[in-house]
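Here are a few notes to read alongside the structure, written as numbered points. Please keep the sequence and the 3D view open as you go through them.

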Amino acid sequence: MVLVMNLKMTCRVSLNLACGALLLSSCTAKNKNSDEVSTPETVVQDAVQKAVQKGKNIYQSQCISCHNSDPSKVGAIGPKLAGSSLELLEKKLFLGVYPDGYQPQRKTGQMPLFPHLKSDIRALHEYLNSVRPN
Ligand code: HEC
């Protein structure tokens with residue numbers, strides 16, 4: 001009888017351990033390229049980091065013929081863009097207008113529309129808001 005009890009107890013303990021290990025491994029998957037452990041926070045940080053990089057590439061390839069390559073500075077003919085809101089970007093790039101009550105930095109009306117950037121607008125927004133406005 002004592003032997004059976006002992007057996008049962010060891011089984012329960014090892015079962016608990018196995019469950020614990022399983023839980024742990026499902027919560028803390030390792031990153032592919034490093035030994036860092038992914039948590040919900042680092043997963044979000046990674047996603048933001050990727051969006052910022054994508055937005056930067058788009059900005060540096062499609063906006064800096066007129067805007068400054070440093071979005072916190074005035075460009076050749078385009079104003080500063082650091083800190084631009086998503087609404088401002090969407091209205092200006094897709095419709096050529098400004099949000100209600102917004103005071104445009106310049107009223108020249110020289111900027112073309114960018115309808116092909118619809119699916120990239122959030123990345124552009126992340127990048128322009130990752131830069132400190134001056
Ligand atoms: C051909 C030149 C040119 C290009 C390329 C250009 N812009 Fe502009 N942008 C301007 C000018 C000039 C203004 C000032 C208003 C106007 O003339 O339309 C402006 C204004 C803006 C504004 C309004 C800023 C404010 O606060 O008043 C935003 C936002 C903006 N541009 C975003 C962008 C983004 C993002 C890109 C790249 C995808 C881009 N622009 C590419 C010339 C350009």
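1. Arg132 is exposed, because 9 other C-beta atoms lie within 10 Å of its own, and a residue counts as exposed when that number is 12 or fewer. Please keep in mind here, and in every point below, that this is a predicted model.

2. As for where Arg132 sits, its place is in the segment after α4. Although Arg132 and Ser72 are 60 residues apart in sequence, their C-alpha atoms are 6.7 Å apart in space. If residues up to four places away in sequence are not counted, Arg132 touches Ser72 and Ala82.

3. The largest nonpolar core has seven residues in all, namely Tyr59, Cys63, Leu81, Ala123, Leu124, Tyr127 and Leu128. Helix α4 gives the most to this core, with four residues. Leu128, one of the core residues, is in contact with Gly55, Pro71, Leu81, Ala82, Gly83 and Ser84, once its neighbours within four places in sequence are left aside.

4. Helix α3, which covers residues 86–95, packs with helix α4, residues 121–130, at an angle of about 130 degrees, and their axes are 10 Å apart. That angle makes α3 oblique to α4, and the crossing of the two helices is right-handed.

5. On the α3 side, this contact is made by Leu86, Leu89, Glu90 and Leu93, while α4 brings Ile121, Leu124 and His125. Sorted by class, the contact of α3 with α4 has five nonpolar residues, one polar residue and one charged residue.

Notes
Residues are numbered from 1 along each chain as its sequence is written. This is a predicted model: local features need pLDDT of at least 70, side-chain atom pairs count only at pLDDT 80 or more; totals for chains, interfaces and linings use all residues. Axes are lines fitted to C-alpha atoms, for helices over the stretch in contact, and angles run from 0 to 180 degrees between N-to-C directions. Angles under 35 degrees count as roughly parallel, over 145 as roughly antiparallel, 65 to 115 as roughly perpendicular and the rest as oblique. A crossing is left-handed if the near helix is turned anticlockwise from the far one by less than a right angle, and right-handed if clockwise. Two residues are in contact if their C-beta atoms, placed from the backbone, lie within 7 Å. Ala, Val, Leu, Ile, Met, Phe, Trp, Tyr, Cys and Pro count as nonpolar, Asp, Glu, Lys and Arg as charged, and the others, Gly among them, as polar. A nonpolar core is a set of buried Ala, Val, Leu, Ile, Met, Phe, Trp, Tyr and Cys residues joined through C-beta atoms within 7 Å. A residue is buried if 20 or more other C-beta atoms lie within 10 Å of its own, exposed if 12 or fewer, and partly exposed in between; C-beta atoms are placed from the backbone.
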